[in-house]
Amino acid sequence: MALDIDFVRGQFPAFAEPTLQGQAFFENAGGSYTCKPVIDRLMRYYTQRKVQPYAPYEASTLAGAEMDEARQRLAAILGVDTDEVSFGPSTTQNTYVLAQAFRQFLSPGEAIIVTNQDHEANTGPWRRLAEEGIEVREWKIDPATGHLDPADLETLLDENVRLVCFPHCSNVVGEINPVTEITALCHAAGAFVCVDGVSYAPHGLPNVGELGPDIYLFSAYKTYGPHQGIMVIRRALGEILPNQAHYFNGDVLYKRFTPAGPDHAQVAASAGMADYIDALCDHHGGPTEDAAARAGFVHDLMRDHEVKLLQPLLDELKDRNDLRLIGPSDAAVRAPTVAVAVNRSGAGLAEELAGQGIMAGGGAFYAVRALSAMGVDPEPGVLRMSFT
């Protein structure tokens, strides 16, 4: 079944906003517009429930119930237990907190593996563990293609490696990494796995339970929601890492790695992302039961539509001799996050495109290591065109 794009557009108030008419939004990788169910829930919370949650009076009870609903429904979509989902102010902040837990957990001489394909949020905090005597090994991309080869990872894995961190897909390369295959390699070697899903999740929330990593992180403001970071920490790892929150919250898995109190309204509003997925599933005649199966149906609808839209763009770019397409030219193996390098400023090109009604971005996008490894100067950077 084809995605009903008119129905999709009807779920986003931005498409009816007069100030946005005549423009095409190609900067989803920097953040998406928000769907109406999230906006409605946020408005309701701020007007009816903006009190300290979980107290016995009705406004507070309802506030807590809406926060619980968001966690329960998103966990079901992601194929994990409810208390394995945590909220934080951003994915960068969530990763930093997790790195502090591993700083206490690991011993000098033990090793972690990071990539140079990552957004800095999923590599910088982990690299700093070298200050504690932890060996940091780098899984390097192919400098010509940006590809991460699992065979290269195998040469880095041994009994000293305790953690492997890599992206589901890069925010400049776009190629979708085989998470299940990589996770199996790491687990066989006795290592935990942390996957940055920020650049993949906008194209369909994944079934993390089936993929298998121990940690999966993404940003709700790129999946049509509020500005929150969402992280899955599977129980086997979450219960052995040192508590990073108040000592009296140490026995609650979803609180252990959120040292600051969550943004109550934004957590509650995140249930609107589940509302949106449910609406898409029902409208297109998808499964009637099992939240993960319903989300998987929507994931496939979205991916199929994106592939059809993306391939003509890649075909137009791949053979030009005045630019370099970063990442693969096959839409089926990448996300619609398309970076091109030219001999001028990416930001300057984005400014010119803005005059043509195309909202895109230019720069290094916190992927300085990836661009540098591919011989692209991060200072002029790249032009990035991304959509969902």
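Two strands pair if DSSP finds at least two bridges between them. Strands (E, at least two residues) and helices (H or I, at least four) are DSSP runs, numbered from the N terminus. The model is predicted, so local features need pLDDT of at least 70 and side-chain atom pairs count only at pLDDT 80 or more, whereas totals for chains, interfaces and linings use all residues. Residues are numbered from 1 along each chain as its sequence is written, and side-chain values use heavy atoms, with hydrogens and water left out.

Q: What makes strand 10 and strand 13 (residues 382–386) a pair?
A: Strand 10 and strand 13 share four bridges, in the antiparallel sense, and the definition asks for at least two. In this pair, valine 338 stands opposite methionine 385.

Q: Why is strand 10 (residues 337–341) called largely enclosed?
A: Buried means under 20% relative accessible area (exposed is over 50%, partly exposed in between; 1.4 Å probe, protein chains only). Five of the five residues of strand 10 are buried, so the rest of the structure largely encloses it.

Q: Why are helix 11 (residues 271–283) and helix 12 (residues 291–318) called roughly perpendicular?
A: Their angle is about 75 degrees, with the axes 9 Å apart. Angles of 65 to 115 degrees count as roughly perpendicular (under 35 roughly parallel, over 145 roughly antiparallel, the rest oblique); helix 11 and helix 12 are therefore roughly perpendicular. Axes are lines fitted to C-alpha atoms over the stretch in contact, and angles run from 0 to 180 degrees between N-to-C directions.
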